[in-house]
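Biologist: I am new to this structure. Please take me through the terms used for its rings and helices.

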Amino acid sequence: MKTLKGTVAGLALSLGLATAAQAELSGTLKIFSDMSNPAPRAVMEQMAEEFDAMHPDLSVELTVIDREAYKTQIRNFLSANPPDVANWYAANRMRPYVSAGLFEDISDLWAEPEIADALASTKGAMTLDGKQWGVPYTYYQWGVYYREDIYNELGLEEPKDWETFKSNCQKILDSGRKCFTIGTKFLWTAGGWFDYLNMRTNGYDFHMALTNGEVAWTDDRVKQTFANWRELIDMGAFIDNHQSYSWQEALPFMVKGEAAAYLMGNFAVAPLREAGLGNDQLDFYQFPSINPDVELAEDAPTDTFHIPSGAQNKEAARAFLRFVVSADNQTKINGGAALGQLPVNSGSSVDDDEMLNQGFEMLSSNSPGGIAQFFDRDAPAEMASVAMEGFQEFMVFPDNLDDILNRLEKARARVY
Amino acid sequence: MNLAPETGSSATSPGASESWLRRNRQALAPWLFLAPGVIFFLFYVIFPILQSFNLSFYRWDGLGDPQFIGMENYRELMDDRAFEVSLWNNLKWLLLYLLAIPAGLFIALFLNQTVTGIRLYKSLFFFPFVISQVVVGLVFSWFYDPTFGLLNQVLAWVGLGPINVLGDPTLVTYGIIIAGLWPQTAYCMILYLTGLNAVDPEQVEAARLDGAKGAKMLWYVIIPQLRPATFVAFVVTIIGALRSFDLISIMTNGGPFGSSRVLSFYMFEKALSEYGFRMGYGAAIAVVLFLIMLCFIAYFLWSMYQDDKGGR
């Protein structure tokens with residue numbers, strides 16, 4: 001824990017003045033954060049310092065907790081010793097705390113024009129029961145990251161439709177490589193494939209209805225999604241033994257050129273580049289359309305800040321949230337030198353990075369269907385764990401599908 | 001002031017209480033020394049066990065108010081396939097883990113000789129028990145790795161196809177048990193090495209005069225004398241098998257698709273992991289595991305009691 005009172009007063013001058021009106025804030029602002037990896041940690045510490053410098057009477061106390069440990073600790077500190085601001089995730093992942101009354105309803109903040117207009121695209125992800133419970137600070141696109149050099153070598157185009165997607169894959173297979181690398185040891189990566197296949201087969205609304213428990217898993221439309229998935233599995237599109245690898249352990253297959261592409265979030269770009277893939281070897285395309293009747297929708301998980309309902313200094317906490325989402329701050333913290341992700345404020349600019357620009361372009365102009373969070377954030381935790389286990393099993397033993405779907409249906413009956 | 005009678009009475013009444021303390025000193029002293037231990041045991045062991053029993057009748061996510069649902073959690077366990085898989089895997093662990101006892105015995109017999117450098121060999125054999133289970137798990141994960149692992153390289157030399165031990169639902173539990181046997185065998189070996197030190201040389205001498213050697217000597221003379229070591233090895237191995245958790249968590253995370261779970265891991269998943277927080281259901285699994293353990297614990301206690309009676 002660290003008190004930053006009055007450390008970098010000069011920085012205040014260089015900042016956007018969005019929060020100038022709340023200059024009279026006083027007391028202590030306690031922030032608990034899960035931004036524990038080196039780059040995010042630096043971002044968080046910087047934000048805390050700047051906010052502290054902007055408010056002379058306010059002292060900011062920042063506690064950074066290891067990201068994995070945070071997932072269990074949040075339950076304790078929210079009920080026993082709540083800070084004023086805490087990190088978490090959007091959509092159903094915040095449901096337990098909203099239901100238990102541990103998150104503050106901040107619909108008032110979302111009613112303010114600056115936030116309502118600039119953050120409109122992420123409002124859905126922050127809304128439960130018709131109210132807003134937090135603000136986003138970053139998000140990133142999902143999509144197919146592929147080996148440009150292999151595609152060039154084989155004369156392949158970025159696919160726009162399912163047929164090209166499959167014929168590309170066949171050519172890659174014929175050249176002795178696998179089409180996709182994936183590591184399903186920790187299950188969630190398979191959730192990404194399901195998200196895309198289901199959103200492309202049945203559309204965003206259906207996908208949301210399914211993750212909300214309104215549609216049976218044994219529904220024929222769900223079966224169609226799995227039938228499409230099975231086409232890829234039967235071709236041998238995925239690397240062998242993926243059930244034994246984590247997502248990082250699956251990266252070398254792509255780096256070594258044994259697999260041509262990876263359906264992943266933008267966070268995979270950094271390790272791929274570090275492993276030696278240059279800009280002419282790595283590129284990105286949007287998951288192609290399968291059913292031309294449904295609009296394209298994307299996965300773009302959003303990380304968030306919340307005010308616990310037991311917070312002591314809610315005024316300062318609200319001011320901090322305004323500061324976090326302000327256009328200037330968003331540009332800065334999502335820049336390539338910091339988080340290297342997409343800003344949530346529509347007034348911010350995106351870092352000049354090939355992948356980020358393509359991702360931003362895709363999310364802002366080519367995902368008319370909507371933006372989903374991710375399977376394990378859209379579906380309740382318990383359903384997600386059972387379902388993702390089923391996806392993994394399906395990818396290894398596709399013949400077990402009926403059994404898997406019946407199991408999921410049973411879980412659905414219990415969970416919702 | 002009437003001091004005399006008062007002093008007289010005060011001399012007798014505290015004297016009486018002192019003598020009660022004094023009279024019962026022998027009986028009280030052990031309890032006083034035991035008190036801290038007993039209090040901690042009650043508070044940190046017995047009380048949580050009772051709490052778990054109680055919690056298993058509730059539906060609770062750890063945040064809101066617990067909701068009493070009676071035997072509902074247990075009814076759900078009855079037709080939960082993941083639970084069934086965990087139970088079977090626990091049984092496999094129990095049976096196969098016992099292999100550590102004979103394996104440890106034979107290594108101990110092998111190492112129980114006076115040869116130059118025997119201490120080094122003993123240390124090398126004992127080494128796996130010293131390193132953390134997490135490291136053991138990682139080492140075996142690399143060993144089993146389907147693409148780069150040593151196991152498949154060796155199999156390839158003798159012309160056998162690659163196998164994915166940790167990715168195959170039928171093999172995975174055995175693969176993890178083998179990893180677990182490595183340190184457990186070392187543990188049993190140490191127990192037997194100490195046991196062998198206590199073997200009575202006169203009895204061995206007498207047996208030799210009677211013409212016993214080799215397997216007969218081992219079976220009728222040595223092993224009976226190793227009974228205490230065998231008992232301890234049995235206890236720690238059974239308990240080790242039932243507590244198996246770290247290796248599973250490190251090597252497979254319960255997968256592929258839950259086929260390497262055991263009860264303790266399943267309980268953790270349901271109650272405490274990222275997608276869990278079904279405290280009541282987790283508690284119900286814990287209760288089942290506890291009842292299984294209770295059978296063994298009862299047997300151990302009974303057996304120790306019998307020994308005590310016989311020994312005195």
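This is a predicted model: local features need pLDDT of at least 70, side-chain atom pairs count only at pLDDT 80 or more; totals for chains, interfaces and linings use all residues.

Modeller: A charge sits over a ring if NZ of Lys or CZ of Arg is within 6 Å of the ring centre and within 35 degrees of the ring normal. The charged end of B:R278 sits over the ring of B:Y281, 4.3 Å from its centre. Residues are numbered from 1 along each chain as its sequence is written, chains are lettered from A and ligands numbered from 1 in the order in which they are written, and side-chain values use heavy atoms, with hydrogens and water left out.

Biologist: How many aromatic pairs does the structure hold over all chains?

Modeller: There are 65. Rings of Phe, Tyr and Trp (its six-membered ring) pair if their centres lie within 6.5 Å; planes under 30 degrees apart count as stacked, over 60 as edge-to-face and the rest as tilted.

Biologist: Why is the pair of B:F129 and B:Y187 called stacked?

Modeller: The centres of the two rings are 4.4 Å apart and the planes stand at 20°, so the pair is stacked. B:F129 lies in helix α5 (residues 118–130) of chain B and B:Y187 in helix α8 (residues 172–197) of chain B, so the pair ties together parts that are 58 residues apart in sequence. Helices here are DSSP runs (H or I, at least four residues), numbered from the N terminus.

Biologist: What makes B:F129 count as partly exposed?

Modeller: Buried means under 20% relative accessible area, exposed over 50%, and partly exposed in between (1.4 Å probe, protein chains only). B:F129 has 33% relative accessibility, so it counts as partly exposed. B:Y187, at 25%, is also partly exposed.

Biologist: Why is the pair of B:F234 and B:Y299 called edge-to-face?

Modeller: Their planes are at 90° and their centres 6.5 Å apart, so the pair is edge-to-face.

Biologist: Why are α4(B) and α8(B) called oblique?

Modeller: Helix α4 (residues 100–111) of chain B packs against α8(B) at an angle of about 50°, with the axes 7 Å apart. Axes are lines fitted to C-alpha atoms, for helices over the stretch in contact (heavy atoms within 4.5 Å), and angles run from 0 to 180 degrees between N-to-C directions. Angles under 35 degrees count as roughly parallel, over 145 as roughly antiparallel, 65 to 115 as roughly perpendicular and the rest as oblique. α4(B) and α8(B) are therefore oblique to each other.

Technical notes
Helices (H or I, at least four residues) and strands (E, at least two) are DSSP runs, numbered from the N terminus.
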